[in-house]
Amino acid sequence: MTSLKSYNKKEQDLNLTKNQKIVLNLLQNSSEPLKAYSILDSLKTEGLKSPLQIYRALDKLEKLGKIHKIESKNSFIACSNSNCARNTAFTICESCGNVKELKNNYLSDGVNELVKKNKMSITRYNLEFYVLCKNCKTN
Ligand SMILES: [Zn+2]
Ligand SMILES: [Zn+2]
């Protein structure tokens, strides 16, 4: 299982196109989720001039689990776990907008348990929790 995972990860890195690498790099260096148009804005100097190039790269990176979409913000963020192409969970601070990805092993267990009771099986989930982050809570 572990070896298969690292094998896949290597393959995915090798298969990234130049555009995908540029977009991934931008998101990895961003401290906050970015909307597609601001990604386009930032990457004009890198030669990515059409929205289609950006959307294609975002789509592929999302499928690979390298980045995630924050649905409620319509923005994209680099994955901070190693690989979670299917299941994601985030906290979003209601005060400052800070977004954090949760390591969600225990959430998977809970969700699995819940659907099993109803004789279903979960295919994927994308959770967003609204919180007050550490900084905003104490201020
Ligand atoms: Zn992730
Ligand atoms: Zn905050």
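Predicted model: local features only at pLDDT ≥ 70, side-chain atom pairs only at ≥ 80, totals over all residues.
Is the crossing of α3 and α4 left-handed or right-handed?

Analyst: The crossing of α3 and α4 is right-handed.

Residues are numbered from 1 along each chain as its sequence is written, and chains are lettered from A and ligands numbered from 1 in the order in which they are written.

Helix α3 covers residues 36-43 and helix α4 covers residues 51-64. Their axes are 10 Å apart and meet at an angle of about 115°. The axes are lines fitted to C-alpha atoms over the stretch in contact, and the angle runs from 0 to 180 degrees between N-to-C directions. From α3, the contact takes in Ala 36, Ile 39 and Leu 40, and from α4 it takes in Pro 51, Ile 54, Tyr 55 and Leu 58 (two residues are in contact if their C-beta atoms, placed from the backbone, lie within 7 Å). Sorted by type, these residues are seven nonpolar, no polar and no charged. Here Ala, Val, Leu, Ile, Met, Phe, Trp, Tyr, Cys and Pro count as nonpolar, Asp, Glu, Lys and Arg as charged, and the others, Gly among them, as polar.

Leu 43 also lies in helix α3. Leu 43 is partly exposed, because 19 other C-beta atoms lie within 10 Å (buried needs 20 or more, exposed 12 or fewer, and partly exposed is in between). Beyond its neighbours within four places in sequence, Leu 43 is in contact with Ile 22, Val 23, Leu 26 and Leu 48. Leu 43 and Leu 26 are 17 residues apart in sequence, with their C-alpha atoms 8.4 Å apart in space.

Val 23 and Leu 58 are among the residues with the most contacts inside the largest nonpolar core, which has 19 residues; the others are Leu 27, Leu 61 and Ile 67. Such a core is a set of buried Ala, Val, Leu, Ile, Met, Phe, Trp, Tyr and Cys residues joined through C-beta atoms within 7 Å. Two or more residues of this core come from each of α2 (18-28), α4, β1 (67-70), β2 (75-78) and β3 (87-93). The most come from α4, which gives five. The core lies between domain 1 (4-78) and domain 2 (87-138), because both give residues to it; the bounds come from an automatic or database domain assignment.

As for the whole, the protein chain has six helices and five strands, which are DSSP runs of H or I over at least four residues and of E over at least two, numbered from the N terminus. Their order along the sequence is α-α-α-α-β-β-β-β-α-β-α. Of the 139 residues in the protein chain, 18% are buried.

Methods:
Left-handed = near helix turned anticlockwise from the far one by under 90°.
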